[in-house]
Amino acid sequence: MSMSAKKKAKSKKAKKRDHADALLMITQVARNARTALSRHLLDLGLYAGQDGVMLALDAKDGQTPGAIATSLGVKAPTVTKTIGRLAAQGFLRREGSPDDGRMMLVFLTEAGRDQIKSIRKSQRKTEKAAFAGLKKKQVAELLKLLSTVDANISESLRSDMVSASGTAASTGPGQPLVEGLAVADDNAEGAA
């Protein structure tokens with residue numbers, strides 16, 4: 001084997017190792033970020049996933065559980081359970097739709113609106129810790145790189161789904177293809 005061929009083989013191994021290390025780091029960073037935010041939320045009496053439901057209602061109050069689930073990229077039973085717990089805590093209220101009595105709509109209460117401010121403060125605190133020491137330009141570059149990685153993974157998942165089912169995946173841009181990416185699933189949700 002020539003010296004050039006040895007360098008190429010070594011370079012390929014290093015590249016594969018770098019890719020594996022990068023994916024491992026992305027997973028670890030995501031886990032640590034969610035853990036840090038969850039600890040801040042726990043101080044507010046909230047569990048992982050509850051913040052997503054409340055923020056979805058802050059963006060558009062009076063949604064159905066199904067609409068909330070779709071916007072968060074999770075299954076309706078997960079959201080329904082979380083809504084029940086948040087209602088029991090006094091942060092949400094449920095009422096029948098004036099247009100269709102069979103449909104339930106979910107709204108933030110005043111206590112829920114007050115919690116939104118605290119949730120956002122917890123998010124800012126977590127963000128500040130996460131990006132300490134990074135310049136604005138570095139954060140922008142990181143966001144660009146992570147967006148590319150996410151798009152590549154999403155495309156790969158769509159291709160896999162098309163291969164497996166023979167039809168295209170029915171998610172829109174920015175929507176996770178796997179349940180549980182936006183909101184913790186029932187097992188990780190704790191006593192939410």
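A residue is termed buried when its relative accessible area is under 20%, exposed when over 50%, and partly exposed in between (1.4 Å probe, protein chains only). The model is predicted, so that local features need pLDDT of at least 70 and side-chain atom pairs count only at pLDDT 80 or more, whereas totals for chains, interfaces and linings use all residues. Residues are numbered from 1 along each chain as its sequence is written, and side-chain values use heavy atoms, with hydrogens and water left out.

**View 1. Helix H2 and its cover.** Gln 50, Asp 51, Gly 52, Val 53, Met 54, Leu 55, Ala 56 and Leu 57 of H2 are buried. The helix is thus shown as mostly covered, with eight of its 10 residues buried. Helices (H or I, at least four residues) and strands (E, at least two) are DSSP runs, numbered from the N terminus.

**View 2. Packing of helix H2 against helix H4.** Helix H2 (residues 50-59) and helix H4 (residues 76-88) pack at an angle of about 85°, their axes lying 10 Å apart. The two helices, H2 and H4, are therefore roughly perpendicular to each other. H2 contributes Gln 50, Val 53 and Met 54 to the contact, and H4 contributes Val 79, Thr 82, Ile 83, Arg 85 and Leu 86. Contact means heavy atoms within 4.5 Å. Axes are lines fitted to C-alpha atoms, for helices over the stretch in contact, and angles run from 0 to 180 degrees between N-to-C directions; those of 65 to 115 degrees count as roughly perpendicular, under 35 as roughly parallel, over 145 as roughly antiparallel and the rest as oblique.

**View 3. The two faces of helix H5.** Gly 112, Gln 115, Ile 116, Ile 119, Ser 122 and Thr 126 are the buried residues of H5. Seen down the helix axis, they fall within an arc of 130°, so they line one face of H5; the arc is that of the directions from the helix axis to the C-beta atoms. The face turned away from this buried side carries the exposed residues Glu 110, Lys 117, Lys 121, Lys 125 and Lys 128.

**View 4. Surroundings of Thr 126.** Thr 126 is found in helix H5 and counts as buried because its relative accessibility is 11%. Apart from neighbours within four places in sequence, Thr 126 is in contact with Ala 33, Ala 36, Leu 37 and His 40.

**View 5. The chain as context.** The secondary structure comes to six helices and two strands, in the sequence order α-α-α-α-β-β-α-α. Buried residues make up 26% of the 192 residues in the chain.
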